[in-house]
Amino acid sequence: MADSRETFVVNAFVTGWPVKHSRSPLIHGHWLKQLGIAGSYRAEPVAEDAFAAFIQSLKDGSSSYRGGNVTIPHKERACALADRPDELAEELGAANTLWMEEGRLHATNTDGHGFTANLDHQHAGWDKADRAVVFGAGGASRAVVQSLRDRGLSEIYVVNRTVSRAQELADRFGAKVTAHPTEALAEVMTGAGLFVNTTSLGMDGSEAPRIDFTRLATGAVVTDIVYVPLKTPLLLQAEQQGFATVDGLGMLLHQATPGFEKWFGRRPTVDDALRNLVIADM
Ligand code: ATR
């Protein structure tokens, strides 16, 4: 007799255009296996002109997916098209995590969570810093600035080559956030407890400027959201100058945990096995 019990399989996706370089299938695949969950997580390449139809298929239930991750170039439209973007996504105007709940498409942005959870994991106490210097004012910087503000840091100095972009962040995130030109870098770094690189400088072996970190507060932490290479030129410089550093790989791993929990119902952990798996794939 055939077994009448049906195995209920939850499917999740990562969509972008292109999406083949995404490490998310590796990360979620590891957790599915580790937790023994009968689910799937797949890369779904979706071009810009097909994205609205892809979202509609989630909403009307014709898709087999419960939810998924969204990456470049769809993050802004994912937020706009969701029925229930949360406050984080609304303020950023961008979402990276979607899930269906009670017939509605919900959206959030977990990049800021990934950023702070990585620091918590690798350098507990980092948030005692009063002042942070955030270098760069692009899309990645927004989530970092939002999460630092929400964590209660009293001053967040955004330093950018194009100062008007830093000013946009200051206008969006409130009085604790101020904008500064690159020429003011040395001045604003003096006494700061946290330095974050959110630019692509140093990525994939590209050149990075020399930065004098010695003006930072004693015990300050330097972190980079770039994780290829793991030790970026800026992190190497900071180490040589005697500062603690935190690499950016953990941000990628931690930003994935809230989505996994929404789709598959279990909170996964970021462990060394996962970290080593992703490093071996780099
Ligand atoms: P992302 O969304 O990944 O953050 P982005 O929006 O292109 O990418 O932003 C890249 C950031 O790196 C910006 O802050 C950019 O400075 P500008 O706003 O002045 O363009 C910064 N950046 C990139 N290349 C740079 C360079 N050679 N020198 C200084 N800053 C640079």
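Visitor: Which residues does Lys75 touch, not counting residues up to four places away in sequence?

Guide: Lys75 touches Val70, Ala94, Ala95 and Asn96 once those sequence neighbours are set aside. Please keep in mind that this is a predicted model. Lys75 is found in helix H3, which covers residues 75-81, and the UniProt annotation "active site", from an unreviewed entry, covers Lys75.

Visitor: Is Lys75 buried or exposed, and why?

Guide: The general idea is to count neighbours, since a residue is called buried if 20 or more other C-beta atoms lie within 10 Å of its own. Lys75 has 22 C-beta neighbours inside 10 Å, and therefore counts as buried.

Visitor: What does the count give for Val196, and in which strand is Val196 found?

Guide: Val196 is found in strand S10, residues 194-197, and is buried because 27 other C-beta atoms lie within 10 Å. Leaving aside neighbours within four places in sequence, Val196 is in contact with Ala132, Val134, Phe135, Val144 and Thr223. Ala132 is 64 residues from Val196 along the chain, and yet the C-alpha atoms of the two are separated by 7.6 Å.

Visitor: Which residues of H5 are buried, and what covers them?

Guide: In H5 the buried residues are Asp111, Gly112, His113, Gly114, Phe115, Ala117, Asn118 and Leu119. What covers them includes helices H4 (87-92), H6 (139-150), H10 (249-255) and H11 (257-264), together with strands S11 (221-224) and S12 (244-246).

Visitor: What makes up the shell around the ligand?

Guide: By class, the shell has 3 nonpolar, 9 polar and 2 charged residues. Of the 14 residues around the ligand, Gly138, Gly139, Arg161, Thr162 and Thr199 come nearest, while H6 gives the most to the shell, with 3 residues.

Visitor: How many helices and strands does the protein have, and what is the radius of gyration of the protein?

Guide: The protein has 12 helices and 12 strands. A compact globule of 282 residues would have a radius of gyration near 19 Å, and the protein has 20 Å, which agrees. Along its principal axes the C-alpha trace spans about 75 × 35 × 30 Å. Buried residues make up 44% of the 282 residues, and, among contacts between residues at least 6 apart in sequence, 63% join residues at least 24 apart.

Note on methods:
Residues numbered from 1 in each chain as written. Predicted model: local features only at pLDDT ≥ 70, side-chain atom pairs only at ≥ 80, totals over all residues. Buried ≥ 20, exposed ≤ 12 C-beta atoms within 10 Å, placed from the backbone. Helix = DSSP H or I, 4+ residues; strand = E, 2+ residues; numbered from the N terminus. Contact = placed C-beta atoms within 7 Å. Near = placed C-beta within 6 Å. Nonpolar A, V, L, I, M, F, W, Y, C, P; charged D, E, K, R; others polar. UniProt positions renumbered as here; feature names shortened; annotations may be inferred. Rg over C-alpha atoms; globule rule 2.2 N^0.38 Å.
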